[in-house]
Amino acid sequence: MAEAAMDREPELRLSRPEYRRWAEAQPGGRFERIDGVVVAMAPERLSHADRKAMVWLALRRSVAEAGLPCRVYPDGVTVEVDDSDLEPDAVLRCGEALPGDAVSVPDPLVVVEVLSPGTRSVDLSRKMVAYFRVPSVRHVLIARADRPEVIHHRRRDGVEGIDTLVVTAGEIRLDPPGVTVSVEEIYGG
């Protein structure tokens, strides 16, 4: 037990400005800042990379078909929540274009996380709850990388609370902003 504790990296706790400077100086790797602590993200498995690409494409296609003034961003952009800088696997935002040098999306409508073995518990709990602390967030989609299953968390209209649906086939309606994606499209079925 003592050996495991000795092998563990010490926590790196940084403010948002410190984290941004630190992250820009890193030669490689992917990181998030959760509750002020820098967390390294593990290398992605192919199933994870494929799933997040497919959900990004599905959202982008649906936005284009609906003719909405929205953009869909892939992973790499940040959603700032309290003392966390989270990097979802896709983000949908509507409205005026953000500056090209922006690194965060201040008002996302839809946030997508693809589950991976190393982050599953954080994605399903702390991050999902954190995303709904952003007032603009209406939908959080949690996609499994290994099987066709999307957990759709949706903020209720006009009342407090979140509705949750587990979707294994068919369409997922994201209203607002008024787009639809399907499990078959996300999973190549």
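Student: Which residue in E9 is the bridge partner of Leu 141?

Tutor: His 152 is the bridge partner of Leu 141. Keep in mind that this is a predicted model.

Student: How many bridges join E8 to E9, and how do the two strands run?

Tutor: There are five bridges between strand E8, residues 139–143, and strand E9, residues 150–155. The two strands run antiparallel.

Student: OK, zooming out. What is the order of the strands in the open sheet?

Tutor: The order is E3-E6-E7-E8-E9-E10, six strands with mixed pairing.

Student: Why is one side of E3 and of E10 left without a neighbour in the sheet?

Tutor: Strand E3 (70–74) and strand E10 (162–167) stand at the edges and each has a single partner strand, so one side of each has no neighbour in the sheet. On average, neighbouring strands of this sheet are turned by 15° against each other, direction ignored.

Student: Which helix packs on the sheet, and which strands are touched?

Tutor: Helix H3, residues 46–66, packs there and touches E3, E6, E7 and E8. The direction of H3 makes about 170° with that of E3.

Student: New topic. How many residues are in the largest nonpolar core?

Tutor: It has 24 residues. Leu 59, Leu 92, Val 150 and Ile 172 have the most contacts inside that core.

Student: Which element gives the most to this core?

Tutor: H3 does, with four residues.

Student: And Val 150, what is in contact with that one?

Tutor: Leaving aside neighbours within four places in sequence, the contacts of Val 150 include Leu 141, Leu 165, Ile 172 and Tyr 187.

Terms used:
Residues numbered from 1 in each chain as written. Predicted model: local features only at pLDDT ≥ 70, side-chain atom pairs only at ≥ 80, totals over all residues. Heavy atoms only, no water. Pairing = 2+ DSSP bridges. Axes fitted to C-alpha atoms, helices over the stretch in contact; angles between N-to-C directions. Contact = heavy atoms within 4.5 Å. Core = buried A, V, L, I, M, F, W, Y, C linked by side-chain atoms within 4.5 Å. Buried < 20%, exposed > 50% of the residue type's maximum accessible area, 1.4 Å probe, protein only.
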